[in-house]
There are 2 protein chains.
Amino acid sequence: MKEDSITSWFSQQSSACSDAFPIGIGDDMAQVRGGADGTVLITTDMLLDGAHFDLSTCTPEQAAYKAMAASLSDCAAMATVPVCAVAAVALPTGFGEPELKQLHAGLVKAGQKFNCELIGGDITKWRHTEGRFAINVTMLSRASGYHPPVRRNGAKVGDIICVTGSLGGSLGGKHLNFTPRVAEALAITKVAKIHAMMDISDGLSTDLNRICKQSNVGAVLLAESIPVSDAAQKTENPLESALHDGEDFELLFTLPPDEVEKLPELASVAITKIGTITSNGRMELKMPNGQVKLLAPRGYDHL
Amino acid sequence: MKEDSITSWFSQQSSACSDAFPIGIGDDMAQVRGGADGTVLITTDMLLDGAHFDLSTCTPEQAAYKAMAASLSDCAAMATVPVCAVAAVALPTGFGEPELKQLHAGLVKAGQKFNCELIGGDITKWRHTEGRFAINVTMLSRASGYHPPVRRNGAKVGDIICVTGSLGGSLGGKHLNFTPRVAEALAITKVAKIHAMMDISDGLSTDLNRICKQSNVGAVLLAESIPVSDAAQKTENPLESALHDGEDFELLFTLPPDEVEKLPELASVAITKIGTITSNGRMELKMPNGQVKLLAPRGYDHL
């Protein structure tokens with residue numbers, strides 16, 4: 001009964017309070033109190049060894065941290081408050097209790113920054129020797145109470161497009177240890193009305209395209225305004241890297257011009273205005289010489 | 001942008017009403033209205049090709065059906081009402097749009113029996129050619145309103161132990177097309193007070209042991225009362241098969257003797273009394289000749 005002893009260990013590590021979580025780890029389901037509005041939000045993310053991280057160059061703890069942080073970044077993308085997560089793993093041959101405890105450490109490390117409790121999970125093992133590690137995190141959040149969850153489909157013509165932080169070159173290291181912009185999203189929406197927001201996971205060009213498509217608008221970006229990361233500066237084409245690399249886990253959002261002045265000064269990260277929402281349905285990139293080019297969504301496609 | 005076109009297709013298939021699901025497929029998170037008591041319950045299950053099903057002998061639709069049905073069985077195990085699910089998949093090389101549509105069909109087939117909406121997901125793909133199909137389903141349910149969610153830790157000395165249906169031999173076929181006992185669990189808890197319940201996924205002996213451990217009690221089963229399935233009857237040792245095979249996805253529950261007479265006649269499946277909860281902390285099996293043997297938890301261990 002190795003599985004039950006691990007489940008029991010996981011349960012003992014939990015500090016989930018019984019008011020917020022009437023039923024915790026170790027039953028058929030966990031029970032969670034929702035937000036004051038009677039709703040919860042949910043996101044699920046599957047991360048695979050060899051695709052989203054590589055266990056030949058990172059630890060199980062780092063992989064689990066990334067999985068949890070990626071879901072936290074989804075909570076940030078909606079400007080919602082993380083509540084709890086469940087994690088399911090597919091273990092390769094040779095993984096046992098030590099690796100499970102490392103995975104637990106990574107999940108908790110990411111979650112505890114935002115009071116996001118691990119309240120359940122599932123442990124499975126591949127039967128074939130080539131089976132590689134996979135981890136799925138499903139997270140629940142609640143509305144902040146002062147700003148509705150920010151969707152992708154609310155961008156309006158004339159909106160200013162902003163991003164947090166700098167973009168590109170995340171695979172050089174940031175993708176394993178980034179801080180999800182949960183606090184920043186909540187701080188921004190506390191003082192400004194945001195029309196559309198998401199986190200940049202598949203690349204600025206691909207993710208902005210999603211906002212444009214869902215909002216039925218276009219966008220023009222100013223090439224010289226795009227914040228290029230130090231890691232991207234070292235690549236052959238820093239601007240391309242910032243536009244398409246992905247895994248930045250920064251916030252991409254649009255808001256009316258008269259809301260821009262309300263944006264807070266964040267201690268953690270800069271907010272940069274990078275363009276404007278347009279009516280023509282196209283994504284465009286305005287170069288420093290004034291030339292306007294079409295901007296294609298050339299970020300990451302999971303298929 | 002193949003991924004976006006698939007996501008869009010998934011979204012178009014959805015009939016989730018906007019009152020229950022203010023935000024559906026296609027955003028960073030979906031939004032779900034919880035139960036009247038302000039809580040939701042959550043379960044997550046990872047199923048792997050080669051471990052929980054075998055795609056060389058079953059279809060992607062069957063695998064997805066099983067994944068969704070296993071989570072529905074967890075809802076049944078707590079006597080709660082399924083609300084919605086998110087599904088994440090890791091696709092092997094060669095899987096594309098046709099397989100994704102088959103997976104969708106399997107998920108919807110299982111969910112729609114119980115008005116359980118698919119409201120989100122994640123699609124990923126293995127980079128190595130040996131990567132096999134994995135599917136994770138996370139499901140939310142709500143309390144029934146007439147009986148609290150039934151936990152594993154509430155069994156009391158003197159309780160009668162019951163199961164639905166018959167046990168053993170599920171791997172012969174039932175494990176791919178079983179009907180989760182959602183309706184039965186709700187019907188039972190509508191008329192009788194249940195102390196402890198779970199679904200039998202890892203085998204009667206292993207799952208009853210979980211109820212005993214968590215409830216700090218023992219149990220004695222009557223060998224001749226255990227309902228052995230037709231499939232198990234064909235095996236070398238039908239009783240052993242019924243006790244340990246697992247994947248029955250039947251309900252295992254305990255209730256006070258004076259509640260037993262309230263149990264309903266179910267049109268779908270029989271309810272059988274198989275034993276009694278005891279105070280000695282042991283699991284025992286009483287044979288037809290009167291001999292009492294220790295019953296070890298010898299069901300499936302995922303590790």
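Helix H3 (residues 97–112) of chain B has 16 residues and reaches 22 Å from its first C-alpha to its last. That is close to the 22 Å expected at 1.5 Å a residue, where the expected span is 1.5 Å times one less than the number of residues. This is a predicted model: local features need pLDDT of at least 70, side-chain atom pairs count only at pLDDT 80 or more, and totals for chains, interfaces and linings use all residues. Residues are numbered from 1 along each chain as its sequence is written, while chains are lettered from A and ligands numbered from 1 in the order in which they are written.

**Helix H3 of chain B**
- Helices (H or I, at least four residues) and strands (E, at least two) are DSSP runs, numbered from the N terminus.
- Buried residues in H3(B) include Leu100(B), Leu103(B), His104(B) and Leu107(B).
- Buried means that 20 or more other C-beta atoms, placed from the backbone, lie within 10 Å of the residue's own.
- The buried residues of H3(B) pack against helix H1 (2–13), helix H2 (60–77), strand E3 (80–91) and strand E4 (117–125) of chain B.
- An α-helix has 3.6 residues a turn, so residues three or four places apart point the same way.

**The open sheet of chain B**
- 7 strands form an open sheet with mixed pairing, in the order E7-E9-E6-E10-E8-E11-E12 (chain B).
- Strands pair if DSSP finds at least two bridges between them.
- Strand E7 (196–199) and strand E12 (292–294) of chain B are the edge strands, each pairing on one side only.
- Strand E8 (residues 218–222) and strand E10 (residues 271–278) of chain B pair in the antiparallel sense over 4 bridges.
- Leu221(B) stands opposite Gly275(B) in E10(B).

**Where the chains meet**
- 64 residues of chain B are in contact with 64 residues of chain A; contact means C-beta atoms, placed from the backbone, within 7 Å.
- Strand E2 (residues 39–48) of chain B gives the largest share of its side, 9 residues.
- Strand E2 (residues 39–48) of chain A runs antiparallel to strand E1 (residues 30–33) of chain B, joined by 4 bridges.
- Val40(A) stands opposite Val32(B) in E1(B).

**Symmetry**
- A rotation of 180 degrees with 0.0 Å of shift along its axis superposes chain B on chain A (RMSD 0.0 Å), by least squares on the C-alpha atoms of residues with pLDDT of at least 70 in both.
- That is the relation of a two-fold axis.
- In chain B, the C-alpha of Gly38(B) is nearest the axis, 2.7 Å from it.
- The same surface serves both copies: 100% of the contact residues of chain B recur in chain A.

How values were computed: Contact = placed C-beta atoms within 7 Å. Buried ≥ 20, exposed ≤ 12 C-beta atoms within 10 Å, placed from the backbone.
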